[in-house]
Amino acid sequence: GKKKKVLSKAAQKTAAKVQLMKLKMKSSGQQSLPELERIFFLVQPPQGSKKSPAGCFISKNWSIGKTIDVLADLTGAVNENNVTTGRKLRIFREDGSELETELE
């Protein structure tokens with residue numbers, strides 16, 4: 001197999017900046033949100049949805065509930081969070097831990 005190239009710290013920082021720049025260019029969200037209020041996400045749709053990951057932005061001042069609702073709308077994910085027996089959408093960090101209360 002292919003060996004993964006190990007990047008220096010400086011190269012990693014540059015790669016992260018380029019990745020963020022590309023994400024910001026392609027992200028969708030409410031255009032009325034002030035730039036300084038925006039938090040950008042690469043949203044992985046629910047497993048089994050056959051949708052591609054999508055760049056989205058939301059307001060840093062929104063609750064987790066509103067954030068989930070808006071991200072579901074932006075990505076076309078089925079949102080049954082208001083249905084008692086529905087499958088609940090959640091937000092997870094890349095490491096698999098769940099964001100439960102605040103966008104930190």
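Leu 74 is a residue of helix H2. The model described here is a predicted one. Leu 74 counts as partly exposed because its relative accessibility is 31%, between the limits of 20% and 50%.

Apart from neighbours within four places in sequence, Leu 74 is in contact with Ser 28, Gly 29, Cys 56 and Phe 57. One of these residues, Cys 56, stands 18 residues from Leu 74 along the chain, and the two C-alpha atoms are separated by 7.2 Å.

## Overall architecture

The protein chain contains 2 helices and 4 strands. Read from the N terminus, its elements follow the order α-β-β-α-β-β. Along the principal axes, the C-alpha atoms fill a box of roughly 50 × 40 × 25 Å.

The chain has 104 residues, of which 26% count as buried. When contacts between residues at least 6 apart in sequence are considered, 38% of them join residues at least 24 apart.

## Helix H2

Helix H2 comprises residues 64-75. With 12 residues, H2 extends 16 Å from its first C-alpha to its last, which is close to the 16 Å expected at 1.5 Å a residue. Just after H2, Gly 76 adopts a positive phi of about 75°.

Which residues of H2 are buried? They are Ile 64, Thr 67, Ile 68, Val 70, Leu 71, Ala 72 and Thr 75. An α-helix has 3.6 residues a turn, so residues three or four places apart point the same way. The cover over the buried residues of H2 includes strands S1 and S2, together with strand S3 (91-92) and strand S4 (98-99).

## The nonpolar core

The largest nonpolar core consists of 18 residues. Within this core, the residues with the most contacts are Val 43, Ile 58, Trp 62, Ile 68, Leu 71 and Ile 91. Strand S1 (38-43), strand S2 and helix H2 each contribute at least two residues to the core. Helix H2 provides the largest share, 5 residues. In soluble globular proteins, nonpolar side chains tend to be buried together.

Lys 66 lies over the face of Trp 62, 4.7 Å from the ring centre.

A pair of aromatic rings is described by the distance of the centres and the angle of the planes. The structure has 1 aromatic pair. It is formed by Phe 40 and Phe 57, whose ring centres are 5.4 Å apart and whose planes make an angle of 50°, a tilted arrangement.

Which parts of the chain does the pair link? Phe 40 belongs to strand S1 and Phe 57 to strand S2, so that the pair joins distant parts of the chain, 17 residues apart. Both Phe 40 and Phe 57 are buried.

Ser 27 is located in the loop between helix H1 (9-26) and strand S1. Is Ser 27 buried or exposed? Ser 27 is buried, because its relative accessible area is 10%, under the limit of 20%. Its side chain reaches the backbone oxygen of Leu 23 at 2.5 Å. Leaving out residues up to four places away in sequence, Ser 27 touches Phe 40, Gly 55, Cys 56 and Phe 57. Two of these, Phe 40 and Phe 57, are the members of the aromatic pair.

Ser 59 is part of strand S2 (residues 54-59). Ser 59 counts as buried because its relative accessibility is 0%. The side chain of Ser 59 is joined to that of Glu 37 by a polar contact of 2.7 Å.

## Asp 95 in the loop between S3 and S4

Asp 95 lies in the loop between strands S3 and S4. With a relative accessible area of 62%, over the limit of 50%, Asp 95 is therefore exposed. Its side chain makes a polar contact of 2.7 Å with the side chain of Ser 97.

How far apart are Asp 95 and Phe 41 in sequence and in space? The two residues are separated by 54 residues in sequence and by 14 Å in space, C-alpha to C-alpha.

Terms used
Residues numbered from 1 in each chain as written. Predicted model: local features only at pLDDT ≥ 70, side-chain atom pairs only at ≥ 80, totals over all residues. Heavy atoms only, no water. Buried < 20%, exposed > 50% of the residue type's maximum accessible area, 1.4 Å probe, protein only. Polar contact = N/O pair within 3.5 Å; in protein donor to acceptor, adjacent residues only side chain to side chain. Core = buried A, V, L, I, M, F, W, Y, C linked by side-chain atoms within 4.5 Å. Phe/Tyr/Trp six-rings, centres within 6.5 Å; stacked < 30°, edge-to-face > 60°. Lys NZ or Arg CZ within 6 Å of the ring centre and 35° of its normal. Expected span 1.5 Å × (residues − 1). Contact = heavy atoms within 4.5 Å.
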